[in-house]
Amino acid sequence: MSGERDAPDWEFKERDVLILRELSRDPQLSSRDLARILETEHDIEVSHVTVSESIRGMREEGVFREAIIPNEEYFIFGMFEFKINPEKFEEGWRDAMEYIRDSPNTLMYFLSDGEYQWKSVMMFPDRQTESKWIHDFYKEHGHVVHNIRNSVVHNVLKFRTDPEILETLHEED
């Protein structure tokens, strides 16, 4: 599908991982703040200009994605799942998949397991809007999909990236 990108080609320095970790803790940190943290907490002396260049390089290479995700208290979330009907595949698979991908309600869209079960995490202002979206999707693309399931996601207890997971990006020799 369009919109796919090549995997980033980036050789991580310890500094890069530390920058990403600090930004995952606080995305609003300036390059000056990051340079100060690197020096005081990690004994790495680097200018804020170098930090800024590192961030820009990682951003341009696609090492991380920047997305504005509102606080989960403002929206309800749902998990939408479906399979493409093999008998109707050719006549409309792309339109159905692009409908979901391009929807402003789609937060994440992915394929899981060996049965080609497509899933998307969706955001809606309320259940009525969610119900209407599903109705409209099914009305327009129901002939192409089957095994449609919608799950309510509630009590979101964690919605962030922990900085510690990023340690695996740079391994000491």
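**The strands and their partners**

Reply: Met 79 stands opposite Ser 151 in β4. The model is a predicted one, in which local features need pLDDT of at least 70 and side-chain atom pairs count only at pLDDT 80 or more, while totals for chains, interfaces and linings use all residues. Residues are numbered from 1 along each chain as its sequence is written, and side-chain values use heavy atoms, with hydrogens and water left out.

β1 and β4 pair in the antiparallel sense over 7 bridges (two strands pair if DSSP finds at least two bridges between them; strands are DSSP runs of E, at least two residues, and helices runs of H or I, at least four, numbered from the N terminus). β1 also pairs with β3, again antiparallel and over 7 bridges; here Phe 82 faces Trp 118 in β3. Of the 9 residues of β1, 8 are buried, which leaves this strand mostly covered (buried means under 20% relative accessible area, exposed over 50%, partly exposed in between, with a 1.4 Å probe and protein chains only).

The 4 strands together make an open, antiparallel sheet whose order is β2-β3-β1-β4. The edges are held by β2 (106-112) and β4 (145-153); each has a single partner strand, so one side of each lacks a neighbour in the sheet. From one strand to the next, the twist averages 20°.

Helix α5 (residues 127-141) packs on this sheet and touches β1 (76-84), β3 and β4. The direction of α5 makes about 175° with that of β4 (axes are lines fitted to C-alpha atoms, for helices over the stretch in contact, and angles run from 0 to 180 degrees between N-to-C directions).

Elsewhere in the model, helix α2 (residues 31-42) packs against helix α3 (residues 48-61) at an angle of about 110°, with the axes 8 Å apart. Ser 31, Arg 32, Leu 34, Ala 35 and Leu 38 of α2 meet His 48, Val 51, Ser 52 and Ile 55 of α3 (contact means heavy atoms within 4.5 Å). Helix α1 (residues 14-25) contains Asp 16, a buried residue with a relative accessible area of 2%. Neighbours within four places in sequence aside, Asp 16 is in contact with Trp 10, Glu 11, Ser 54 and Met 58.
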